[in-house]
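Visitor: I would like to learn how to read a structure of this kind, one feature at a time. Could you take me through it slowly?
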Amino acid sequence: MKLASHQDNNECYFEQLKAFELPGGLHSSGHEEDLRIYRAMDNRDSPESYFLFKELLLIEAIGNNRLEHEFGVYFTPSSVWLTPVANKLKSLGCKAGIEVMGGKGYLSYFLKTCGFKMKVSDNQESHQHPDAVSPPVSVRKEDSYKTVEAFKDAADFLVISWPPQVRSDFLTEQFVQPHDYLILRLWGEKKPVLYVGERLDQYGKNGATGSHSFHHHLNTYFTACKFPEYQGRHLGSVDEAIIFIPNGKKIVTVNDNQQNECKQM
């Protein structure tokens, strides 16, 4: 198998990003043939060859992870998917949002260019890239929970992009509740959540982002509106851009259960 020889990524895309402009195209231009070959491969007849070529294709397409190292972002900025996301949020009546775990603040910055008022925070303790370029946006240095607590009443939607992976099972999390889940509980179930990252797979295994409780909460109290225009950072990425829209179910609290028990007595 011969792989295409080309520059790692579309330089025009990165020039726009360096100028703090929302790129109009995709960062992976030039890898279309690799993606086509990858998707056409079948491992049933020759599993060894399949995994060999899969790794070669991934190495070819991942390149040097410019988005992460030069800009400190894990999602892929582009109007290709962010414009339909903004239009959907506006159709839901959203005008102001909160972003937590926002890193350098790129997603909030581009949402502001789409017309939204944004508050963004990051505790700046992990997954940071100090040498990465920062956009002209104010990122509050504080815990995510405090940000949501302070601004949730004035915000119409919550943004969480690539929350850290929590390596525990669902049962364990009932005793030690993960931070991302506590943020969702504080936010409530009545207003949308814009999420960018990986989800649990069909076997209930955790992806590279979030906790089991986090994903279970979103799947229980919200309906997922996916944006197929979104494309991950590299070939084979399984992250998605999703607006979780409230489905009308009410969160049951300990106090609710106690009240129901009293009524039955």
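This is a predicted model: local features need pLDDT of at least 70, side-chain atom pairs count only at pLDDT 80 or more; totals for chains, interfaces and linings use all residues.

Visitor: How much of the chain counts as buried?

Guide: A residue is called buried under 20% relative accessible area, exposed over 50%, and partly exposed in between, using a 1.4 Å probe and protein chains only. Of the 265 residues here, 43% count as buried.

Visitor: Which residues have the most contacts inside the largest nonpolar core?

Guide: The general idea is that, in soluble globular proteins, nonpolar side chains tend to be buried together. A nonpolar core is a set of buried Ala, Val, Leu, Ile, Met, Phe, Trp, Tyr and Cys residues joined through side-chain atoms within 4.5 Å. The largest one has 34 residues, and those with the most contacts inside it are Phe75, Trp81, Val85, Leu111, Phe116 and Phe157. Among the elements that give two or more residues to this core are helix H5 (79-91), helix H6 (106-113) and strand S7 (240-246). A second, separate core of 21 residues includes Val148, Ile183, Tyr221 and Phe222.

Visitor: What does Val85 touch, beyond residues up to four places away in sequence?

Guide: Contact means heavy atoms within 4.5 Å, and by that rule Val85 touches Leu194, Phe227 and Ile243. Across the chain, residues 24 or more positions apart account for 72% of the contacts with a separation of 6 or more.

Visitor: How many aromatic pairs are there?

Guide: Rings of Phe, Tyr and Trp (its six-membered ring) pair if their centres lie within 6.5 Å, and planes under 30 degrees apart count as stacked, over 60 as edge-to-face and the rest as tilted. The count comes to twelve aromatic pairs. The rings of Trp81 and Tyr230 have centres 5.0 Å apart and planes at 85°, so this pair is edge-to-face. It links distant parts of the chain, with Trp81 in helix H5 and Tyr230 in the loop between strand S6 (222-226) and S7, 149 residues apart. Trp81 is buried, at a relative accessible area of 0%, and Tyr230 also counts as buried, at 9%.

Visitor: Where does the charged end of Lys191 sit?

Guide: A charge sits over a ring if NZ of Lys or CZ of Arg is within 6 Å of the ring centre and within 35 degrees of the ring normal. The charged end of Lys191 sits over the ring of Trp187, 4.7 Å from its centre, and Lys90 lies over the face of Phe116, at 5.6 Å from the ring centre.

Visitor: Why is helix H10 described as largely enclosed?

Guide: Seven of the ten residues of helix H10 (residues 212-221) are buried, so the helix is largely enclosed by the rest of the structure. The buried residues include Phe214, Leu218 and Tyr221.

Visitor: Is Lys226 buried, exposed or partly exposed?

Guide: Lys226, which has its place in strand S6, is partly exposed, with a relative accessible area of 48%. Leaving aside neighbours within four places in sequence, Lys226 is in contact with Arg199, Glu240, Ala241 and Ile242.

Definitions and conventions:
Residues are numbered from 1 along each chain as its sequence is written. Side-chain values use heavy atoms; hydrogens and water are left out. Helices (H or I, at least four residues) and strands (E, at least two) are DSSP runs, numbered from the N terminus.
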